[in-house]
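This report describes the surroundings of selected residues and the nonpolar cores of one protein model.

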Amino acid sequence: MQVDSIGGSRYILTFLDDSSHKTFVYFLKSKDEVYEHFKTFKNLVENQTERKIKTFRTDNGGEYCGKNMYELIKSSGIVHQTSCSFTPMQNGRAERLNRSIMDKARCMLIEAGLPHYFWAEAVNTAVYLLNRSPCKSVEKTPEEMWTGRVPTLSHLHIFGCKAFGHVPTEKRKKLDHRSTPSIFIGYCTDKKAYRLYDPKRQSVFVSRDVTFDETTFGSSMLDASDVRENKTFYYFPDDPVYDGERRVEQEIQSNDVQNTTPLSVERNQRERRPPKHLEDYETYLAISKDCLDPVSVEEALDSSEKDL
């Protein structure tokens with residue numbers, strides 16, 4: 001990514017289970033952390049499913065083909081399949097998964113009006129929703145295929161909306177605020193709680209008791225400099241939706257037409273000559289008044305030249 005996340009990460013590491021289509025995502029500060037995260041992922045899935053990883057399919061990236069990864073995969077009896085160089089279509093499911101995740105995260109950031117450094121929170125939320133969404137490849141959702149339980153969706157809320165996290169009695173006095181105005185940025189995977197961002201303290205905290213205002217996005221609580229950061233707008237001059245600058249341009253052109261006189265167009269006075277390969281050709285135009293072509297089928301059949 002072009003900017004660091006709130007936690008300082010710059011890379012995304014995703015693992016896709018080919019059977020249930022469940023997705024696991026990890027955030028890295030450098031690609032050297034792939035080895036440690038793979039060990040964590042391996043221990044997690046083998047303990048949860050009581051089954052061993054048999055095949056591991058990746059591209060030819062150095063983070064997957066390094067010495068430590070090679071020794072771990074070999075000692076675990078895992079078959080490591082890699083795609084050919086410059087052939088990402090051989091690992092098409094993983095490539096399509098990354099595209100789907102980034103499309104969802106991009107839409108959520110733009111809709112909520114949040115700066116780019118919230119990308120990790122948007123990606124984490126996109127994966128959370130993707131695991132609980134229907135999939136064509138399996139009969140159930142990936143989360144249900146993995147856990148065997150139908151996931152509940154009653155706790156889902158709009159990403160980036162304004163939220164008010166409850167402040168426990170132990171952390172406030174009598175006249176203090178009972179809630180903290182914040183921005184909803186996702187769900188916790190290790191506890192039943194929501195992830196919230198406090199714009200005043202510029203920190204992320206977790207709360208179970210949250211009141212959501214889904215009619216307003218929390219980006220309005222950020223500083224103007226944070227909202228405008230890394231935000232680029234693209235427009236096309238011919239687009240009827242964007243008419244502010246075009247209207248000014250048309251007014252300027254109309255004023256110029258009224259206040260200026262027509263300018264004479266200077267043309268090139270160079271003598272035009274035919275190319276060398278056409279110098280030995282001469283073309284003539286011959287016009288004959290006596291040559292009259294028939295204009296209908298009857299005239300053609302009655303013509304004296306019909307047998308020619």
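Leaving aside neighbours within four places in sequence, H21 is in contact (heavy atoms within 4.5 Å) with L16, R93, N131, C135, S137, V138 and P142. The model is predicted: local features need pLDDT of at least 70 and side-chain atom pairs count only at pLDDT 80 or more, while totals for chains, interfaces and linings use all residues. Residues are numbered from 1 along each chain as its sequence is written, and side-chain values use heavy atoms, with hydrogens and water left out.

H21 lies in the loop between strand 1 (11-16) and strand 2 (23-28), whereas S207 belongs to strand 8 (residues 203-207); strands are DSSP runs of E of at least two residues, and helices are runs of H or I of at least four, numbered from the N terminus. Buried denotes under 20% relative accessible area (1.4 Å probe, protein chains only).

| Residue | Relative accessible area | State |
|---|---|---|
| H21 | 15% | buried |
| S207 | 8% | buried |

Not counting residues up to four places away in sequence, S207 touches G165, H166, A193, Y194 and L196. The side chain of S207 also reaches the backbone oxygen of D209 at 3.2 Å.

A nonpolar core is a set of buried Ala, Val, Leu, Ile, Met, Phe, Trp, Tyr and Cys residues joined through side-chain atoms within 4.5 Å. The largest has 22 residues, and L109, L114, F118, F159 and Y197 have the most contacts inside it. Helix 3 (92-112), helix 4 (119-130) and strand 6 (179-187) each supply at least two residues of this core. A second, separate core of 16 residues includes L13, F38, F56 and L72.

Terms used:
Buried means under 20% relative accessible area, exposed over 50%, partly exposed in between (1.4 Å probe, protein chains only). A polar contact is a pair of N or O atoms within 3.5 Å; within protein, one must be able to donate a hydrogen and the other to accept it, and residues adjacent in sequence count only if both atoms are side-chain atoms.
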